[in-house]
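Hello,

Here is the structure I promised you. Please open it next to this email and follow along.

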Amino acid sequence: MASAKCDFISQGFFNQQLKVISAVSKIGNSSFSIVHRIEDANTGQLIAKGDASAVHFNFETQKSESLPDDIRSLLEKHLEEGA
């Protein structure tokens with residue numbers, strides 16, 4: 001994980017049913033970004049929104065590496081429209 005951010009837009013409550021919607025917003029050479037929305041499951045009211053960026057990292061060499069084709073292919077299936 002390279003970064004993560006969450007903005008709380010409105011209050012959530014105990015026992016409130018929430019829906020989490022996530023999509024890939026960007027795929028780079030060695031990294032990708034995901035956007036998230038948390039909504040009230042019944043009304044659609046926005047509770048929070050955020051984003052996170054991750055880097056494909058080799059812990060042995062301590063360096064980032066290009067995303068493997070199989071991972072890139074999986075991420076592309078969840079790419080946000082218009083991204």
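Lys 5 and Asp 7 form a salt bridge, and their closest N and O atoms are 3.6 Å apart. A salt bridge here is a side-chain nitrogen of Lys or Arg within 4 Å of a carboxyl oxygen of Asp or Glu. Lys 5 has a relative accessible area of 48%, so it counts as partly exposed. Asp 7 is partly exposed as well, at 30%. The cut-offs are these: buried is under 20% relative accessible area, exposed is over 50%, and partly exposed lies in between (1.4 Å probe, protein chains only).

A word on the source. This is a predicted model, in which local features need pLDDT of at least 70, side-chain atom pairs count only at pLDDT 80 or more, and totals for chains, interfaces and linings use all residues. Residues are numbered from 1 along each chain as its sequence is written, and side-chain values use heavy atoms, with hydrogens and water left out.

How many salt bridges does a search of the whole structure find? It finds 3. Glu 39 takes part in a salt bridge with Lys 19, with the closest N and O atoms 4.0 Å apart. This pair links distant parts of the chain: Glu 39 sits in strand 3 and Lys 19 in strand 2, 20 residues apart. Glu 39 also meets Arg 37 in a salt bridge, at 3.1 Å from N to O. Shared partners join Lys 19, Arg 37 and Glu 39 into one network. Are these residues buried or exposed? Glu 39 is buried, at 11% relative accessible area. Lys 19 is partly exposed at 40%, and Arg 37 is partly exposed at 35%.

Now the sheet. Strands of a sheet pair through backbone hydrogen bonds, either parallel or antiparallel. Here, an open sheet of 4 strands has the order 1-4-3-2, and the pairing is antiparallel. Strand 1 (3-8) and strand 2 (18-27) stand at the edges; each has a single partner strand, so one side of each lacks a neighbour in the sheet. On average, neighbouring strands of this sheet are turned by 15 degrees against each other, direction ignored. For that angle, axes are lines fitted to C-alpha atoms, for helices over the stretch in contact, and angles run from 0 to 180 degrees between N-to-C directions.

Strands count as paired if DSSP finds at least two bridges between them. Strand 1 pairs with strand 4 (residues 46-55) in the antiparallel sense over 6 bridges. Lys 5 has Asp 51 in strand 4 as its bridge partner.

Look next at Ser 33, in strand 3 (residues 31-40). Ser 33 counts as buried because its relative accessibility is 16%. Leaving aside neighbours within four places in sequence, its contacts (heavy atoms within 4.5 Å) include Ala 23, Val 24, Ala 52 and Ser 53.

Last, the whole chain. It has 1 helix and 6 strands. Both are DSSP runs, numbered from the N terminus: helices are H or I, at least four residues, and strands are E, at least two. From the N terminus on, the elements run β-β-β-β-β-β-α. Of the 83 residues, 20% count as buried. The C-alpha atoms fill a box of roughly 45 × 25 × 20 Å, taken along the principal axes.

Best wishes
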